[in-house]
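Look at the model below together with its sequence. The text that follows goes from the whole chain to single elements and then to single residues.

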Amino acid sequence: MILCIAVTAGFENKRQIGNAYGTAVVLVMLVTTLLMVLIMILVWRCHWILVLLFTGLSLVVECAYLFAVLFKVNQGGWVPLVIAGAFLIIMYIWHYGTVKRYEFEMHSKVSMAWILGLGPSLGLVRVPGIGLVYTELASGVPHIFSHFITNLPAIHSVVVFVCVKYLPVYTVPEEERFLVKRIGPKNFHIFRCVARYGYKDLHKKDDDFEKKLFDNLFLFVRLEAMMEGCSDSDEYSIYGQQTQQSREALLDNNGNTTYSNMDLTITSVDSIVPVKSPIHVNNTVRSSGQVSSQTESAELEFLNSCRDAGVVHIMGNTVVMARRGSRFYKRIAIDYVYAFLRKICRENSVIFNVPHESLLNVGQVFFV
């Protein structure tokens, strides 16, 4: 509103406002046509003759308008170009800082060999409770976890790495939102959960995000115990190293992960991959079902007791700063503009309604 009032008051007459408006409209038309060409080529797979025909007819009209408004840039048409340039700079700074922060987390993530070398206790005291470690990495152990256990002598009995991903789709069905897998042996009690959202999914509907996460975690444990009782160790994998043949056995034509001839849905292709028929599964379950059932009940009881002991949400707070000796424009962009954008941006703790008494921020500084 303030910008519209400033533009209206700053121009001397309505003709200059019309020139500014015309420049904006023509540029929007041109960009829309170019994006439409990409849709026709990549999505609709149209014939190249049809694409050339559409592009030629559209550009003939729009380029005529574009050349007309170029002569009026100095008569008010510069305003939308300046505004667009300002927003472009802001978006570029945000993108640059976000990419650098993600690259830092990718390059500094901890290897699984390091985690496995620590043993079931991770070299620390395992206290009752569940720790939800939020990270942007869908694989590997984030650096904030190693930073956390390096500075504190204890970690929770159950650790779940939570990764929130935003997919370029309209919405993600509830039954496909969470992907769960286990990290390391069972006695480590470390899991990974990837929560996927589409661009139209509203987070305010996920007030029970924690409850849904644990429901999918318990479902994964049940399915894992079921598969342990019906398959040999060389026929399935619970650590994301399954064969391509077993992967294809679970994927239908739409790419959904489902059992064949069974009314069950597996949460993650990387978690458990069965390859036996339902008849063989039933026969094997009868022979070894008691052991797997006891293991399942024991772990579910352990998870419930840890959940009752308390849940702590551990989030990383990576501060991006410009290196010493950087140029002044880089220091302004990173230390002030990007820092301000991060400050006004909503965090996961706000999106998922994390209580303040259950929130633990792990701070670290990264220089670019």
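The model is predicted, and local features are described where pLDDT is at least 70. Its protein chain has 11 helices and 6 strands. Of the 368 residues, 38% count as buried. Among contacts with a separation of 6 or more, 80% are between residues 24 or more positions apart. The accessible surface of the chain comes to about 21700 Å², and carbon and sulfur atoms account for 62% of that surface.

An unreviewed UniProt entry annotates residues 20-43, 50-71, 77-94, 114-134 and 154-172 as "transmembrane region". Such annotations may be inferred rather than shown by experiment, and two of the spans can be set beside the model. Residues 20-43 are 100% helix and 0% strand, with the end C-alpha atoms 34 Å apart. For residues 114-134 the model gives 24% helix and 48% strand, and here the end C-alpha atoms lie 20 Å apart.

Helix 3 covers residues 48-70, 23 residues in all. From its first C-alpha to its last, helix 3 reaches 31 Å, close to the 33 Å expected at 1.5 Å a residue. Helix 3 also has a kink of about 25 degrees, centred on L59. Which residues of helix 3 are buried? They are V51, T55, S58, E62, L66 and V69.

The loop between helix 2 and helix 3 holds R45. R45 is not a glycine, yet its phi is positive, at about 55 degrees. R45 counts as exposed because its relative accessibility is 68%, and exposed means over 50%.

Helix 6 spans residues 143-151, and its buried residues are I144, F145, S146, F148 and I149. What covers these buried residues? The cover includes helix 5 (112-118) and strand 1 (125-135), together with strand 2, strand 5 (311-321) and strand 6 (359-367).

The next topic is the salt bridges. A search of the whole structure finds 8 of them. In one, K212 pairs with E174, and the closest N and O atoms are 3.4 Å apart. K212 lies in helix 7 (residues 209-228), while E174 is in the loop between strand 2 (154-166) and strand 3 (178-183), so this pair ties together parts that are 38 residues apart in sequence. K212 has a relative accessibility of 19% and therefore counts as buried, the cut-off being under 20%. E174, at 41%, counts as partly exposed.

Another salt bridge joins E224 and R182, with 2.4 Å between the closest N and O atoms. This pair also links distant parts of the chain, since E224 is in helix 7 and R182 in strand 3, 42 residues apart. Are E224 and R182 buried or exposed? Both residues are buried.

The side chains of K211 and D215 meet at 3.0 Å, N to O. K211 and D215 are 4 residues apart in helix 7, about one turn of the helix. K211 is partly exposed, with a relative accessible area of 45%, and D215 counts as partly exposed at 34% relative accessibility. Some salt bridges share partners, and these join E174, R177, D201 and K212 into one network. The K212 to E174 pair described above has both of its residues in that network.

One more positive phi is found at H189. This residue is other than glycine, and its phi is near 55 degrees. Where does H189 lie? H189 is in the loop between strand 3 and strand 4, the latter covering 190-197. H189 counts as buried because its relative accessibility is 17%. R45, by contrast, counts as exposed at 68%.

Terms used
Residues numbered from 1 in each chain as written. Heavy atoms only, no water. Helix = DSSP H or I, 4+ residues; strand = E, 2+ residues; numbered from the N terminus. Expected span 1.5 Å × (residues − 1). Bend = angle between axes of the 7 residues up to and from the residue. Buried < 20%, exposed > 50% of the residue type's maximum accessible area, 1.4 Å probe, protein only. Contact = heavy atoms within 4.5 Å. Areas by Shrake-Rupley, 256 points an atom, 1.4 Å probe, with all protein chains shown as cover. Salt bridge = Lys/Arg side-chain N within 4 Å of Asp/Glu carboxyl O.
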